[in-house]
Amino acid sequence: MNMIAYIDNASQAIQNSFLDYYHSLVESFHDNSEKHLSYRAFANRTERATKALACEKEAIFYTVAYGKQHYASMEYLLSENLPLERVNQSAIRVVDYGCGQGIATLALLEYLANNELTSDMKIDIHLIEPSIISLKIAELLIHLVAKKLDLQVSVYSQHCRLQKAKIAFTDDMQTFHLMSNIVDIDSVQASLADLCDKIKSNQGEQFLFALSPDYSNTSMGFDILTNSLSFADELFNDSVGLLYYDVYRVVQGCYKSHNSSQRMLALHWQ
Ligand SMILES: C[S@@+](CC[C@H](N)C(=O)[O-])C[C@H]1O[C@@H](n2cnc3c(N)ncnc32)[C@H](O)[C@@H]1O
């Protein structure tokens, strides 16, 4: 089976969640591990998943190794800090910066749908990502999950780095800015202040949710965000120790519980 077939097969397992895709991909990865990348090969080439992914094999490894953890972290940040009563039920915009395979957007869509907020909602989704493979998988998964959840989504993709992203919107639609596991990356940190200037120029109610593993260089990215958007209300800004249940550990080759400290930020302004 080629790598695209693994992705297609797993995408057909989607009932109503990204996690259906994740579990199906884990199963085929586990059963055919000799055909897939080792942790060392993946980590060396991608600098521990901070560089744009270059092929389907890397995209599969990424989801198997990190997908559930990234999904669960965003779900936690949203469930603790997004005031559901403030969510506009007619139309929202989502901007997912360095979206990879769209995991943060999927966590948000599923969270809103599970809280019965999406029945008449139009959702514009803007994906910004330098890896074309990741971007195409993000589009695929978002369309499949949206169909299963009966969501009205329009997806607009920008195949570029943040430096080139166009995010000046002329309306005042309520907007959710998602920065999942990108704020610790050097090239992202280098463009964050300029990006915040663009974000600031948007009208209407805005939420920003950012999270990243609590590495030594992570706080610099969060400081740039909070300084550049210092007028925003801080709904949350701290590190959180999370326990992830039943995540597949590629090195051990089995599902296990896993602890990780995550830096998280939730901002709101109007
Ligand atoms: C650790 S992954 C996070 C992906 C996704 N947001 C998630 O939580 O699973 C880092 C992502 O940032 C992207 N990236 C790296 N440098 C970037 C840049 N300068 N501008 C935009 N995206 C960047 C990579 O291509 C990769 O998809």
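**Asn-16**

I looked up the contacts of Asn-16 first. Setting aside neighbours within four places in sequence, I found Asn-16 in contact with Lys-148 and Leu-149. I am working on a predicted model here.

Where does Asn-16 lie? I placed Asn-16 in the loop between helix H1 (3–12) and helix H2 (18–31). I then checked its surroundings. Asn-16 has 13 C-beta neighbours inside 10 Å, so I noted it as partly exposed. Buried would take 20 or more, and exposed 12 or fewer.

Asn-16 and Asp-197 are 181 residues apart along the chain. Their C-alpha atoms are separated by 36 Å.

**The whole chain**

Next I looked at the protein chain as a whole. I counted 8 helices and 7 strands in its secondary structure. The C-alpha trace spans about 50 × 40 × 35 Å along its principal axes.

Why does the radius of gyration agree with a compact globule? For 270 residues, such a globule would have a value near 18 Å, and the protein chain has 18 Å, so the two agree.

I noted that 41% of the 270 residues count as buried.

**Strand E5**

I turned to strand E5, residues 206–213. How many of its 8 residues are buried? I found 7, so E5 is largely enclosed by the rest of the structure.

I then traced its partners. Strand E4 (residues 174–180) is joined to E5 by 6 bridges, and the two run parallel. Across this pairing, Thr-175 stands opposite Gln-206 in E5.

E5 also pairs with strand E7 (residues 254–269). I found 8 bridges there, and this pair runs antiparallel. Phe-209 stands opposite Ala-266 in E7.

I kept one reminder for reading these strands. In a regular strand the side chains alternate between the two faces of the sheet.

Helix H7 (residues 186–200) came up as well. With E4 and E5, helix H7 makes a β-α-β unit. I noted its hand as right-handed.

**The ligand shell**

I went on to the ligand. How many residues surround it? I found 21. The closest are Ala-52, Gly-98, Gly-100, Arg-161 and Ser-180. The elements giving two or more residues to this shell are helix H5 (103–114) and H7.

I sorted the shell by class. It has 10 nonpolar, 9 polar and 2 charged residues.

Last, I checked the backbone. Most residues other than glycine have a negative phi. I noted two residues that call for a second look.

Ala-49 has a positive phi of about 70°, although it is not a glycine. I found Ala-49 in the loop between helix H3 (39–46) and helix H4 (56–81). Ala-49 has 18 C-beta neighbours inside 10 Å, so it counts as partly exposed.

Asp-246 also has a positive phi, of about 50°, and is not a glycine. Which element holds Asp-246? I placed Asp-246 in strand E6 (residues 233–249). Is Asp-246 buried or exposed? It has 11 C-beta neighbours inside 10 Å, so I noted Asp-246 as exposed.

Conventions
Residues are numbered from 1 along each chain as its sequence is written. This is a predicted model: local features need pLDDT of at least 70, side-chain atom pairs count only at pLDDT 80 or more; totals for chains, interfaces and linings use all residues. Helices (H or I, at least four residues) and strands (E, at least two) are DSSP runs, numbered from the N terminus. Two strands pair if DSSP finds at least two bridges between them. A crossover is right-handed if, with the strands pointing away from the viewer, the path from the first strand over the helix to the second runs clockwise. A residue is near a molecule or strand if its C-beta atom, placed from the backbone, lies within 6 Å of it. Ala, Val, Leu, Ile, Met, Phe, Trp, Tyr, Cys and Pro count as nonpolar, Asp, Glu, Lys and Arg as charged, and the others, Gly among them, as polar. The radius of gyration is taken over C-alpha atoms; the globule rule is 2.2 Å times the number of residues to the power 0.38. Two residues are in contact if their C-beta atoms, placed from the backbone, lie within 7 Å.
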